[in-house]
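Student: I would like to learn how to read a protein structure carefully. Could we go through some features together, with the general idea before each case?

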Amino acid sequence: MLDTLTFLLEKLFLLAHIKLSSLLPPQGRERGDATLTRRCDRDETPPQPAGAPQKFQRGDLLEVPRTLFTHFGIFLGDDRVAHLIPDILPVLTTDSRQIQQMVTNTRLLLGVLSKRASIRVDSVEDFAYGAGILPNAMDGAVRRSPLSAEEVAVRAERLVGSVSYSLLWNNCEHFVTYCRYGTAQSLQTEKFCEWLKSLIRDKRNVLLTALLGLLSMVYLGISSSTVLPTLLIPFTLWMAS
């Protein structure tokens, strides 16, 4: 049951992983735990174009805002970026030449579904994929101070290779925060969890799911596949709200 819920949450996160920062109100309170937490507003410096002259230093955290999500990597120097990306190909072949080719959308999607990824080293241009790059923007959004630049880069280099993948618990943001700050954490995941909690706490969703369940029973007929969700989903939301 727990595995099923985790799977559903991850698929929901894939859909909700669309610029959640623009959908959620700003968080006005800080958390007092000892782990990686926000301390102030993010650095909103305009992204550097991918083709512009590089001003990155070894150990910099590079952030690439894209249409559906934000991608992260660690600059290693000499036009090299280490980043974690979902990829099915390392599971299917050991041919390093094929694996090192740019990850296509098909490879990426199958990697997400199979929960497999690789931490790989690409050029800055391939990493950015035409988007602008924000260096070290996360430094202003977390409490922990960055590790030394060399330690950050060495951590990233040591992790290069095939890894397991999870949209919620082990994505590219977990990789870079571990390398740069010493603790793996994803602010995007935190925002999603906050959004999910607010969704569950809204009692109007109980009525909405009950109504949708009744409509499904009207159009699809009364059966276990329609009655059980109609009863269990509103009940679960009601108890959790």
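Tutor: Let us begin with burial: a residue is called buried under 20% relative accessible area, exposed over 50%, and partly exposed in between, using a 1.4 Å probe and protein chains only. Of the 241 residues of the protein chain, 40% count as buried. Please keep in mind that this is a predicted model, in which local features need pLDDT of at least 70 and side-chain atom pairs count only at pLDDT 80 or more, while totals for chains, interfaces and linings use all residues. Residues are numbered from 1 along each chain as its sequence is written, and side-chain values use heavy atoms, leaving out hydrogens and water.

Student: How many helices and strands does the protein chain have?

Tutor: Helices (H or I, at least four residues) and strands (E, at least two) are DSSP runs, numbered from the N terminus. By this rule the protein chain has 11 helices and six strands.

Student: How do I describe two helices that pack together?

Tutor: Two packed helices are described by the angle between their axes and the distance between the axes. Axes are lines fitted to C-alpha atoms, for helices over the stretch in contact, and the angles run from 0 to 180 degrees between N-to-C directions. Here helix H7 (residues 149–158) and helix H8 (residues 172–181) pack at about 140°, with their axes 7 Å apart. Angles under 35 degrees count as roughly parallel, over 145 as roughly antiparallel, 65 to 115 as roughly perpendicular and the rest as oblique, and H7 and H8 are therefore oblique to each other.

Student: Which residues make the contact of H7 and H8?

Tutor: Contact means heavy atoms within 4.5 Å. From H7 come Val152, Arg155 and Ala156, and from H8 come Phe175, Tyr178, Cys179 and Arg180.

Student: Is Asn171 buried or exposed?

Tutor: Asn171, which is found in the loop between strand E6 (161–164) and H8, is buried, with a relative accessible area of 3%. Leaving aside neighbours within four places in sequence, Asn171 is in contact with Leu84, Tyr165, Ser166, Ser186 and Thr189.

Student: What should I look for in the phi angles?

Tutor: Most residues other than glycine have a negative phi. Asp78, however, has a positive phi near 55°, and Asp79 has a positive phi of about 65°. Asp78 lies in the loop between strand E2 (70–77) and strand E3 (80–86), and Asp79 is also found in the loop between E2 and E3. Asp78 counts as exposed at 70% relative accessibility, whereas Asp79, at 33%, counts as partly exposed.
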